[in-house]
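Please have the chain open beside you as you read.

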Amino acid sequence: MNRSDPPDAVLHPEDRERDESGPWRALFLTGALAWTLLAVLDWRALQSGTFLWATVRSAYTLLLAPLSAAALLQDTRALAAAGVEFGRAKWVYAAVALFFPPVCVAYLLHRRRRVRSLGGRDDGPPAGDDTG
């Protein structure tokens, strides 16, 4: 590199193109499935008051439910970057997911309908948008 060569342009973080896509659907689906399995294990097989019961209950209540809700919100954020808005419904889904993560099934059906209504595929942003 020669000293007379101009340095590479460094962009401010706000000026960079943002990639909002991520493994959000896989993350909240996995969280919801794990939550369901642990909740069923708690309700059916574990005796309350034991160490294992407390560990399982903490895992699905304090880890998996908030993880699923956050991933659901991130998915709506990624869709918003592609032009698909959910409005207040995303907050309702996320609030319900804090207590019952399998609500993601209803969210996925709603998501599918919204994306298809804008001419997109179920696995990506609407057609005509080159962000994903």
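1. Residues 24 or more positions apart account for 61% of the contacts in the chain with a separation of 6 or more, where contact means heavy atoms within 4.5 Å. Please keep in mind that this is a predicted model, in which local features need pLDDT of at least 70, side-chain atom pairs count only at pLDDT 80 or more, and totals for chains, interfaces and linings use all residues. Residues are numbered from 1 along each chain as its sequence is written, and side-chain values use heavy atoms, with hydrogens and water left out.

2. The overall plan is quickly told. The secondary structure comes to four helices and zero strands, and along the sequence the pattern reads α-α-α-α. Helices (H or I, at least four residues) and strands (E, at least two) are DSSP runs, numbered from the N terminus. Of the 132 residues of the chain, 30% count as buried; buried means under 20% relative accessible area, exposed over 50%, and partly exposed in between, with a 1.4 Å probe and protein chains only.

3. Next, the helix pairs. Two packed helices are described by the angle between their axes and the distance between the axes. Here the axes are lines fitted to C-alpha atoms, for helices over the stretch in contact, and the angles run from 0 to 180 degrees between N-to-C directions. The axes of helix 2 (residues 51-81) and helix 4 (residues 104-117) come within 12 Å and cross at roughly 5°. That makes helix 2 roughly parallel to helix 4, given that angles under 35 degrees count as roughly parallel, over 145 as roughly antiparallel, 65 to 115 as roughly perpendicular and the rest as oblique. Helix 2 brings Leu72, Asp75, Thr76 and Leu79 to this contact, and helix 4 brings Cys104, Tyr107, Arg111 and Val115. By class, the contact of helix 2 with helix 4 has five nonpolar, one polar and two charged residues. For these classes, Ala, Val, Leu, Ile, Met, Phe, Trp, Tyr, Cys and Pro count as nonpolar, Asp, Glu, Lys and Arg as charged, and the others, Gly among them, as polar.

4. Helix 4 has another partner. Helix 1 and helix 4 pack at an angle of about 150°, with their axes 10 Å apart, and are therefore roughly antiparallel to each other. Arg25, Phe28, Leu29 and Ala32 of helix 1 meet Cys104, Tyr107, Leu108 and Arg111 of helix 4. The contact of helix 1 with helix 4 divides into six nonpolar, no polar and two charged residues.

5. Which residues touch the most other members of the largest nonpolar core? Of its 16 residues, they are Phe28, Leu72, Leu79 and Tyr107. A nonpolar core is a set of buried Ala, Val, Leu, Ile, Met, Phe, Trp, Tyr and Cys residues joined through side-chain atoms within 4.5 Å. Helix 1 (24-44), helix 2, helix 3 (89-97) and helix 4 each supply at least two residues of this core, and helix 2 gives the most, with five residues. Apart from this core lies another, of seven residues, among them Ala39, Leu46, Val56 and Ala65.

6. Helix 3 is worth a careful look. Tyr93, Ala94 and Ala97 of helix 3 are buried. Seen down the axis of helix 3, its buried residues fall within an arc of 95°, so they line one face of the helix; the arc is that of the directions from the helix axis to the C-beta atoms. These buried residues pack against helix 2 and helix 4, while Trp91 and Val92 are exposed on the other side of helix 3.

7. Thr76 lies in helix 2 and is buried, with a relative accessible area of 3%. Beyond four places in sequence, Thr76 touches Val84, Phe86, Lys90 and Tyr107. Lys90, in helix 3, counts as partly exposed at 22% relative accessibility. With the same exclusion of residues up to four places away, Lys90 touches Leu72, Leu73 and Thr76.

8. Finally, Tyr60 is found in helix 2 and counts as buried at 6% relative accessibility. Leaving aside neighbours within four places in sequence, Tyr60 is in contact with Trp35, Leu38, Ala39, Asp42, Trp43 and Ala65. Ala39 sits in helix 1 and is buried, with a relative accessible area of 0%.
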